[in-house]
Amino acid sequence: MTASAWGLLALFLAALAVLAWPVGKFLAALCNERVPRWMQRVEAPLYKLAGTAPERSMNWRTYALALLAFNLVGAVAVYALQRLQGVLPLNPAGMGAVSADSAFNTAVSFVSNTNWQGYAGESTMSYLTQMLGLTVQNFFSAATGIAVAFALVRGFARRGDGAGSKGLVGNFWADITRVTLWVLVPLSFVLAVFFVGQGVIQNFDAYKDVATVETTAFQQPKNGADGQPLKDEKGAPVMEDATTKTQTLAMGPVASQEAIKMIGTNGGGFFNANSAHPYENPTALSNLLQMIAIFLIPAALCFTFGHVVGDMRQGWAVLAAMTVMFVVAVMVITPAEQGGNPLFASLGVDQMSSALQSGGNMEGKEVRFGIDASALFAAITTAASCGAVNAMHDSLTPLGGMVPMVLMQLGEVVFGGVGSGLYGMLIFAMLAVFIAGLMIGRTPEYLGKKIEVREMKLISIAILVTPILVLAGTAVAVIAGAGKAGIANPGAHGFSEILYALTSAANNNGSAFAGLSANTPFYNGLLALAMWLGRFAMIVPVLAIAGSLAAKKRLPVTSGTLPTHGPLFVSLLIGTVLLVGLLNYVPALALGPIVEHLVLWK
Amino acid sequence: MDIVWMGALLALWVVVAAMVVGLNRLEGPNPPKSSSNGDAS
């Protein structure tokens, strides 16, 4: 790694630590249900309208059913908005109804905090759909994840009285209201104003046609009579030459969506190019703030965890495990991209870094950001389950592309999504103490709560859901004709594209190897299935664990208790994440990016 | 087509709602039955 890459990483981590601490402390107050009187007065009409009371704590089943009902209504609303947008206001570009399969995929995608986008925003969605459907779900899906993390942390913190305890984990309606109202909206407002200052657009104007300085010649895929791209006998798309003297500039309320897209680790771009688009991410400073915003709440929740369980060392241990894995990932992806493409070297292309160029593999990267900021962004957006991109991941080198894939395959626990990163990591922490308990012959316990048979069954379900969805889904896609039809690059890279898509969907990331043509009924259906179950079939066992833990007595620390805050436990936790999270995928990775790397560097 | 895709959404919802019911019944192993004869092993 170059000195500038190290400097950027250090600046990023330092700024993150400074900003995450106060946010984590405030989130802890919300988790402990210690809300100032004036906030309670603002909330009161909302609870009255909903017919609930924040002090009415729920058991895990009620909490889960409330969460599922809330998200079902959200999905139906997003679907309906897309299908009806042609007759609804705030549609200056005259967008018609989104196709039923794409609307279904997008509804599930935004409700599940995945924000996989099979469509291009500027050519598909009206402003109303973007604001009322997608942006609103950006808030609610993020709040849902934080609410689940709150429930699990309360499970550890509460001192149940054993079998007679009801295992109460909090009030879902109060959690989602407070997180949205007092955390996500204020942070997003401040960030949106900052983005506008940097040049991100925020308007309701019609798209603008402008004359370009020179005539632009380009190639575009040739479509057949059925409107589908034509392919030659090798499966490659048939291209045709075209020229243009004008360009249409898409407009819209971008900044307001951009802020929560990052803060909520959603990642769905207003434009198809996402954060590589100058209207979404205009400057180096906006790029740095976007990266910090992605990790802000996941890092803050580690501090929240420490505060709520009454031992800050526990939060630091989880944060340390996440940070070590993240830094290692950056240390792999950045040199891989700085190394460039050996096929270009044989053609005499200068790929060395200098004052005039970034050097390395610049395919698919913004010249404004270069290698360092693009590689760091790629690691951040896939370590967290964000999925926003400022470079095209399909154009990363094989090893560089494998890093985002692996970060997702670890289960999105390296910082991870807002809420989902913490509860995913705590699942691995419980598994780690179970393994340690087996080794030393003691009943495993974490933070004074015994991890028993019921918890281990639930942990097993939570850990196995996503690998099953990814591997089975990939197998179906590479067997089915409709799955193979979407591959733009036949061979190992085509396999990587499909593996990446299923990995991204089931782990609720949303980024893509964009070479895969996934806006088809087959992929819209398959990926929606992976996104929904990857989100909610994980949340349900996590809430069950929360309820189970909340009912347990909290045992005192004794000389025989395994310390879960030192370097030994951090190492054990990292080992568990790597072994359990990654080993499932090694054979699949060997068929995709590893083969690609060996072919490229043979 | 809307009915088909909304039916698919409902089916997905029912799966996870059924998980709530199913996991609620998930318990640890049954406690060993008391036997006056003691274990054979």
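This is a predicted model: local features need pLDDT of at least 70, side-chain atom pairs count only at pLDDT 80 or more; totals for chains, interfaces and linings use all residues.
Local features were taken at pLDDT of at least 70 and side-chain atom pairs at pLDDT 80 or more, whereas totals for chains, interfaces and linings use all residues. Residues are numbered from 1 along each chain as its sequence is written, with chains lettered from A and ligands numbered from 1 in the order in which they are written.

The predictor assigns the complex an ipTM of 0.91 and a pTM of 0.93.

Chain B contains one helix and zero strands (DSSP runs of H or I, at least four residues, and of E, at least two, numbered from the N terminus). Of its 41 residues, 15% are buried, that is, have 20 or more other C-beta atoms within 10 Å of their own. The contact between the chains involves 22 residues of chain A and 17 of chain B.

In chain A, helix H7 (residues 172–198) comprises 27 residues and spans 37 Å from first to last C-alpha, close to the 39 Å expected at 1.5 Å a residue (1.5 Å times one less than the number of residues). H7(A) bends by about 35 degrees at Thr180(A), the angle being taken between axes fitted to the seven residues ending there and the seven starting there. Just after H7(A), Gly199(A) adopts a positive phi of about 120 degrees.

Note on methods. A residue is buried if 20 or more other C-beta atoms lie within 10 Å of its own, exposed if 12 or fewer, and partly exposed in between; C-beta atoms are placed from the backbone. Two residues are in contact if their C-beta atoms, placed from the backbone, lie within 7 Å.
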